[in-house]
Amino acid sequence: MGEADNVRAVERLVTGLNAKDVEVMNEVFVDDSILSWPQSGEIIRGRENRQGVYRAFPSLPTITPYRTVSSGDLVISEAELDYGTETYQVVFIFECRDGRIVRETAYWAKPFPAPEWRATWVDRA
């Protein structure tokens, strides 16, 4: 298994979660995986805790990746999370082994308007 298998695992995760199928996580994560959310200080360890958290989500967001890069066992994906009422920009860092996810670290933030004082020097998306 190689880099392409790692990317496929991440793609399968996104497809499954967008279909609201949290069981997909058991296919693509190793049982003793770690999910880390540094902004809230939470660490989710192992299959049972991962399933508990994701089954309790009030509403899973739609994940729209717009850039994914990989190198060896590392896959990084930039995406938009749409909860229906709120949208977040997110960076997922996936550490993989043999085509399965060992660790996921996620950073997310709400979009904010760019200040006018920078308009001369920047392009707007």
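Two strands are said to pair if DSSP finds at least two bridges between them. Strands themselves are DSSP runs of E with at least two residues, helices are runs of H or I with at least four residues, and both are numbered from the N terminus.

The model is a predicted one, in which local features need pLDDT of at least 70, side-chain atom pairs count only at pLDDT 80 or more, and totals for chains, interfaces and linings use all residues. Residues are numbered from 1 along each chain as its sequence is written, and side-chain values use heavy atoms, with hydrogens and water left out.

I begin with the sheet. Six strands make up an open sheet with mixed pairing, in the order β2-β1-β6-β5-β4-β3. The edges are taken by β2 (42-45) and β3 (62-71); each has a single partner strand, so one side of each is left without a neighbour in the sheet. From one strand to the next, the twist averages 15°. As a reminder, strands of a sheet pair through backbone hydrogen bonds, either parallel or antiparallel.

Let us now walk through the pairs. β1 and β2 are antiparallel and share four bridges; leucine 35 has isoleucine 44, in β2, as its bridge partner. These two strands form a hairpin with four residues between them, and glycine 41 in the turn has a positive phi of about 75°.

Which residue takes a positive phi in the hairpin of β3 and β4? It is glycine 72, with a value near 60°, in a hairpin that has two residues between the strands.

β4 also pairs with β5 in the antiparallel sense, over nine bridges, and serine 77 has phenylalanine 92 of β5 as its bridge partner. Four residues lie between the strands of this hairpin, where glycine 84 takes a positive phi near 95°.

Next come β5 (residues 87-97) and β6 (residues 100-109), an antiparallel pair with nine bridges. Here isoleucine 93 is bridged to threonine 105 of β6. Is threonine 105 buried or exposed? Its relative accessibility is 9%, so it counts as buried (buried means under 20% relative accessible area, exposed over 50%, and partly exposed in between, with a 1.4 Å probe and protein chains only). Leaving aside neighbours within four places in sequence, threonine 105 is in contact, meaning heavy atoms within 4.5 Å, with Ser36, Pro38, Val91, Phe92 and Ile93.

I turn to the helices. Helix α1 (residues 3-18) lies across β1 (29-37), β3, β4 (74-82), β5 and β6, at about 175° to β3. Helix α3 (residues 46-56) lies across β1, β2 and β6, at about 55° to β1. For these angles, axes are lines fitted to C-alpha atoms, for helices over the stretch in contact, and angles run from 0 to 180 degrees between N-to-C directions.

Finally, the aromatic rings. The structure holds four aromatic pairs. In one of them, the rings of tyrosine 83 and tyrosine 88 have centres 5.8 Å apart and planes at 85°, so the pair is edge-to-face. Rings of Phe, Tyr and Trp (its six-membered ring) pair if their centres lie within 6.5 Å; planes under 30 degrees apart count as stacked, over 60 as edge-to-face and the rest as tilted. Tyrosine 83 is partly exposed, with a relative accessible area of 31%, whereas tyrosine 88, at 16%, counts as buried. Thank you for your attention.
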